Amino acid sequence: DHRLAEMAVSLPVNLKLRGGYSKYILRKAMEDKVPPEITWRKDKKGFVTPQADWKEQSARMLTGFLSSCSMPDFLRRDRILAAIRRRDLHPTQGNELWKIAVLLKWIEIFSIK
């Protein structure tokens, strides 16, 4: 709800941060509902995303498609596949590889020579 978000943003800083705790007003509101070891913990616990798995699955899909699709002469399959095998790709480089794959799929679908 945008009204809740707007209200939260408009709160004074001392209700958001106090004594080294973020979300201070939320912690105070939950003080009698949540155990103190959870309410007042300082180490942040988030939800871990399986990014390594996603990256590996994407690499397999890209490798499979790019290994078998027809490719115009101006693209070098060996260099593209080598880039996919690299494990230290910056996210924007991964995006570029997907753009190449989308272009090639588009060419395949519309039979452009």
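Met30 has a relative accessibility of 31% and therefore counts as partly exposed. The cut-offs explain the label: buried means under 20%, exposed means over 50%, and partly exposed lies in between. The model is predicted. Met30 belongs to helix 3, which spans residues 24-30.

Helix 5 covers residues 51-68, and helix 6 covers residues 77-85. Their axes are 10 Å apart and meet at an angle of about 170°. Helix 5 is therefore roughly antiparallel to helix 6, because angles over 145 degrees count as such. On the side of helix 5, the contact is made by Ala59, Leu62, Thr63, Leu66, Ser67 and Ser68. Helix 6 contributes Arg77, Ile80, Leu81 and Ile84.

Ile80, Leu81, Ala83 and Ile84 are buried. Viewed down the axis of helix 6, the buried residues fall within an arc of 155°, so they line one face of the helix. Ile80, Leu81 and Ile84 are buried, and these residues also take part in the contact with helix 5. The face turned away from the buried side of helix 6 carries Arg79 and Arg85, which are exposed.

Notes. Residues are numbered from 1 along each chain as its sequence is written. This is a predicted model: local features need pLDDT of at least 70, side-chain atom pairs count only at pLDDT 80 or more; totals for chains, interfaces and linings use all residues. Side-chain values use heavy atoms; hydrogens and water are left out. Axes are lines fitted to C-alpha atoms, for helices over the stretch in contact, and angles run from 0 to 180 degrees between N-to-C directions. Helices (H or I, at least four residues) and strands (E, at least two) are DSSP runs, numbered from the N terminus. Angles under 35 degrees count as roughly parallel, over 145 as roughly antiparallel, 65 to 115 as roughly perpendicular and the rest as oblique. Contact means heavy atoms within 4.5 Å. Buried means under 20% relative accessible area, exposed over 50%, partly exposed in between (1.4 Å probe, protein chains only). The arc is that of the directions from the helix axis to the C-beta atoms.
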